[in-house]
Amino acid sequence: MVGWALLCSAWGFPVHRHINRSATEALPAPLRGWMMAEVEWLAAHATDADKRKHAVEREAPRHYLDRDAPALACLDTLGAAPWFGRAAAACSEDTLWAYGVLPWQLRWSYDRLVAAFDSCDRMAILRAAADLGHYAADAHVPLHTTLNYNGQLTQQDGIHAVWETRLPALYGGGYLLAVPEVGYIEDVDAWGWSVLAKSHAHVEPLLAAERQVSAAWGADQHVREQRGNTMQLQRVPLWCQRYHSALGGMVEQRWRAAIEGVASLWYSAWLDAGAPDLSAVMAPRSRWQETLDRLIGRNPRRVNGPLPVP
Ligand SMILES: [Zn+2]
């Protein structure tokens with residue numbers, strides 16, 4: 001996918017951090033207590049996988065699957081969740097790396113986390129969990145499942161950043177992102193492919209909503225905004241408001257589903273590792289630590305707190 005590496009992220013960085021943080025908070029006990037001891041690390045490193053794109057060969061295709069690329073029609077007869085080897089035999093391995101390997105990356109990262117839990121290796125657990133959280137969050141973004149990932153094939157350039165960064169920054173603070181207690185995922189491969197299919201089903205509606213709002217708008221939709229040291233061309237806030245309302249809660253729903261998905265994967269990986277006791281390597285926060293957190297205004301146990309300003 002030419003141009004993908006130029007896009008900085010899937011969800012914007014603040015959303016990735018929020019998803020890993022909220023997923024930690026949504027875990028069942030006792031895993032929750034151990035992972036909450038490291039919630040700041042898990043949130044801070046939620047974007048490591050994106051940062052590797054510029055330095056690590058083949059990192060970028062791990063974040064997407066262009067499911068509608070004609071070159072991937074070879075997947076159509078392989079069932080709902082084909083193994084990588086079977087898909088590579090049908091499509092060629094180079095083709096898969098050219099159009100994305102996200103559903104298989106979910107499985108590879110999941111297996112890494114199971115192994116890390118099994119070995120009770122604190123840093124391995126944290127690194128694997130942070131990365132799995134990132135890839136699973138990406139799988140919930142519709143524009144990570146299509147060749148038309150930035151609207152560039154339909155004269156809707158820039159839609160990627162609007163959907164995943166601009167709208168969350170403008171409206172994320174008002175979203176209801178609490179998730180129910182998560183459960184065990186029986187079949188991680190089937191789960192991953194079904195998440196991608198649900199995301200992909202949103203591609204045409206989100207593009208159609210953009211066409212509809214832009215056609216009714218008429219005038220120039222853009223405004224220059226200062227972002228750090230640079231000036232950026234952004235859609236004007238009223239256009240964003242109309243587009244956001246035309247989407248009917250889509251961003252909020254995919255965001256909440258991502259939190260639930262990440263927590264479910266982490267919990268399932270821990271169970272698949274035999275539910276090891278991690279108290280020797282990941283100490284839950286003590287009561288005095290929690291009191292101290294409250295006194296200094298930091299509350300790592302809060303559920304789905306406000307979105308940090310991007
Ligand atoms: Zn990504």
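## Packing of α7 against α10

In this predicted model, helix α7 (residues 102-119) and helix α10 (residues 188-201) pack with their axes 9 Å apart and at an angle of about 145°, where axes are lines fitted to C-alpha atoms, for helices over the stretch in contact, and angles run from 0 to 180 degrees between N-to-C directions. Helices (H or I, at least four residues) and strands (E, at least two) are DSSP runs, numbered from the N terminus. The crossing of α7 past α10 is right-handed; a crossing is called right-handed if the near helix is turned clockwise from the far one by less than a right angle, and left-handed if anticlockwise.

On the α7 side, Leu102, Pro103, Leu106, Arg107 and Tyr110 meet Val188, Asp189, Gly192, Trp193 and Leu196 of α10, a contact being a pair of residues whose C-beta atoms, placed from the backbone, lie within 7 Å. By class, this contact of α7 with α10 has seven nonpolar, two charged and one polar residue, with Ala, Val, Leu, Ile, Met, Phe, Trp, Tyr, Cys and Pro counted as nonpolar, Asp, Glu, Lys and Arg as charged, and the others, Gly among them, as polar.

## Basis of the model and overall figures

Residues are numbered from 1 along each chain as its sequence is written. Because the model is predicted, local features need pLDDT of at least 70 and side-chain atom pairs count only at pLDDT 80 or more, whereas totals for chains, interfaces and linings use all residues.

The chain contains 14 helices and two strands. Of its 310 residues, 43% are buried, a residue being buried if 20 or more other C-beta atoms lie within 10 Å of its own, exposed if 12 or fewer, and partly exposed in between, with C-beta atoms placed from the backbone. Among the contacts in the chain with a separation of 6 or more, 79% are between residues 24 or more positions apart.

Helix α11 (residues 203-217) has 15 residues and reaches 21 Å from its first C-alpha to its last, close to the 21 Å expected at 1.5 Å a residue, the expected span being 1.5 Å times one less than the number of residues. Its buried residues are Leu206, Leu207, Ala209, Glu210 and Val213. Seen down the axis of α11, these buried residues fall within an arc of 155°, so they line one face of the helix; the arc is that of the directions from the helix axis to the C-beta atoms. Ala208, Ala215 and Ala216 are exposed on the other side of α11, while the cover over the buried residues of α11 includes α9, α12 (237-247) and α13 (250-272). Gly218, which follows α11, has a positive phi near 80°.

Helix α8 has 18 residues and reaches 26 Å from its first C-alpha to its last, close to the 26 Å expected at 1.5 Å a residue. Since 13 of the 18 residues of α8 are buried, this helix is largely enclosed by the rest of the structure.

## Backbone features in loops

A cis peptide bond, with omega of about 0°, joins Ala29 and Pro30, and Pro30 lies in the loop between α1 (13-25) and α2 (31-36).

Ser92, although not a glycine, has a positive phi of about 85°; this residue lies in the loop between α5 (84-91) and α6 (93-99) and is partly exposed, with 13 other C-beta atoms within 10 Å. Gln155, also a residue other than glycine, has a positive phi near 55°. Gln155 is placed in the loop between α8 (122-139) and α9 (159-171) and is exposed, with 8 other C-beta atoms within 10 Å.

## Pairs separated along the chain

Ala169, found in helix α9, counts as partly exposed with 16 C-beta neighbours inside 10 Å. The C-alpha atoms of Ala169 and Gly12 are separated by 8.7 Å, although these residues are 157 residues apart along the chain. In the loop between α9 and α10, Gly172 is buried, with 21 other C-beta atoms within 10 Å, and its C-alpha is separated by 7.4 Å from that of Glu252, 80 residues apart along the chain.

Ala81 lies in the loop between α4 (48-51) and α5 and counts as partly exposed, with 19 C-beta neighbours inside 10 Å. Its C-alpha is separated by 8.5 Å from that of Pro103, 22 residues apart along the chain. Not counting residues up to four places away in sequence, Ala81 touches Asp189, Ala190 and Trp193.

Terms used:
Two residues are in contact if their C-beta atoms, placed from the backbone, lie within 7 Å.
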